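Here is a short briefing to read with the model open beside you.

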Amino acid sequence: MTESFRRDGEYEQYETPLQGAQQQHASSPVNPEWPPPPAQPPQAQSAAFASEGAGSYGGGSYGGNDGGTALLTPPPTEPGAPAHAPKKRARGPLALLAAVAIVAAAIGGGTAYGIQELTGNDTVASSSTSTNVVPSSAKGTVAGVAKAVSPSIVEINATSNAGQSTGSGVIITSGGEIITNNHVVSGASTIKVSTSNGKSYTAKVVGTDSKKDLALIKLENASGLSVATLGNSDGVQVGDQVVAIGSPEGLTGTVTSGIVSALNRDVTVSTDEGQSQGQGGGSGQWPFEFGGRQFNGDTGSSTTTYKAIQTDASLNPGNSGGALIDMNGNIIGINSAMYSASSDSSTAGSAGLGFSIPINTVKSDLATLRAGGTGN
């Protein structure tokens, strides 16, 4: 609205004598012997204009009173007083920067991916709320979740003295940091990782935490990888629809779906290297204990217990370390155990009882894992 003010000196030029007479009448006292009224301070002038300025922009009318022009006339001044100084214009760039800062703060967790791209590849894309990773056109569909998140899920093949194990993992940085289960890589001498586009990498263990059945590995010579967004498992509710992505039985990129069937299940798993999941011997499944009973084999003497998300999304041997995902595409859990009614790997299959480590547990443990981990 600064366009409605005239510049200093423009008041003395009139297009018609009548306009000059009106201006002179408005700016001079009726009786020259009367003392002039006190000049309004600049703040009062601004306030008066703001309270009256109710007109439209396109029509050029800003005054709310009938005369309108009286608001554009400078107040009477003392004889010999200097012309009043022009008003300061609002500093547009500063106001714009402030607005940008407010918008960025309002976005919250949604800015994590952008920050990662600006600051490097070691920043995890994380959200304190559920962000929309899936495009709006495919929101709420299993196909939309699968397309958006599958590039961030990998297959892991680990070789150790106990044999070979196949599991899954979730890419959390574009430089190749991957979260998986400890039992997938425990005691591994070599680790090979395959991404959804068929590329293969060698990986090294950065840190493990057997008490939470978590491990962090890092790919060698990797960059520009698709990064998963870690959601907020505290917001998960029983009945929420979920999608699981992993490599059951070595079938890379397998997608299944279901619901969250229970929360805070006390699942007990083994911390012994010899109990690692195998794909060619034994039960082929990760043994675990629930409710005082052991499933899928003997958990051994050294165990740990954690609170798990229970899901009926189909999980099979090889899903361990993969992702449990909400319908917006956020990772809410790392799949870690499944129940099978058979102890024979050739006939074992999902019975609709799978368990995932809540992603908030993963986020709270990430710094420890990056430092080498504990609980080994």
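In helix α5 (residues 142-149), the buried residues are Gly 144, Val 145, Ala 146 and Val 149; buried means under 20% relative accessible area, exposed means over 50%, and partly exposed lies in between, with a 1.4 Å probe and protein chains only. The cover over these buried α5 residues includes β1 (153-160), β7 (241-246), β8, β12 (323-326) and β13 (331-338). Helices (H or I, at least four residues) and strands (E, at least two) are DSSP runs, numbered from the N terminus.

This is a predicted model, in which local features need pLDDT of at least 70 and side-chain atom pairs count only at pLDDT 80 or more, while totals for chains, interfaces and linings use all residues. Residues are numbered from 1 along each chain as its sequence is written, and side-chain values use heavy atoms, with hydrogens and water left out.

**Strand β12 and its partners**

- Ala 323 and Ile 325 point one way from β12, Leu 324 and Asp 326 point the other way, and all are buried.
- β7 and β12 run antiparallel and are joined by four bridges; two strands pair if DSSP finds at least two bridges between them.
- Within that pairing, Val 243 has Ile 325 in β12 as its bridge partner.
- β12 also pairs with β13, in the antiparallel sense and over three bridges.
- Here Leu 324 has Gly 333 in β13 as its bridge partner.
- The hairpin of β12 and β13 has four residues between the strands, and Gly 329 takes a positive phi near 95° in this hairpin.

- β8 and β11 run antiparallel, with eight bridges joining them.
- Opposite Val 260 stands Thr 311 in β11.
- β11 pairs with strand β14 (residues 354-358) as well, in the antiparallel sense over three bridges.
- Ile 309 finds its bridge partner in β14 at Ser 356.

**Thr 268 in its setting**

- Thr 268 is found in strand β8 and is buried, with a relative accessible area of 10%.
- Which side chain does Thr 268 join in a polar contact of 2.7 Å? The partner is Thr 305; a polar contact is a pair of N or O atoms within 3.5 Å, where within protein one must be able to donate a hydrogen and the other to accept it, and residues adjacent in sequence count only if both atoms are side-chain atoms.
- Leaving aside neighbours within four places in sequence, Thr 268 is in contact with Phe 288, Glu 289, Thr 299, Thr 303, Thr 304 and Thr 305; contact means heavy atoms within 4.5 Å.

**Salt bridges**

- Side chains of opposite charge can pair when their charged atoms come close.
- How many salt bridges does the structure hold? There are four, a salt bridge being a side-chain nitrogen of Lys or Arg within 4 Å of a carboxyl oxygen of Asp or Glu.
- Arg 370 forms one with Glu 177, and their closest N and O atoms are 2.6 Å apart.
- This pair links distant parts of the chain, 193 residues apart: Arg 370 lies in helix α7 (residues 359-370) and Glu 177 in strand β3 (residues 177-180).
- Arg 370 is partly exposed at a relative accessible area of 34%, whereas Glu 177 is buried at 7%.
- Lys 307 forms a salt bridge with Asp 266, with the closest N and O atoms 2.9 Å apart.
- That pair also links distant parts of the chain, 41 residues apart, with Lys 307 in strand β11 (residues 303-311) and Asp 266 in strand β8 (residues 254-270).
- Lys 307 is partly exposed at 44% relative accessibility, and Asp 266 is partly exposed at 37%.
- Salt bridges that share partners join Asp 209, Lys 212 and Asp 365 into one network.
- Asp 209 is buried at 2% relative accessibility, while Lys 212 is partly exposed at 29%.

- Most residues other than glycine have a negative phi.
- Asp 213 has a positive phi of about 55° although it is not a glycine.
- Asp 213 is found in the loop between β5 (200-209) and β6 (214-219), and is buried, with a relative accessible area of 1%.
- Asn 264, also a residue other than glycine, has a positive phi near 55°.
- Is Asn 264 buried or exposed? Asn 264, found in strand β8, counts as exposed at 55% relative accessibility.
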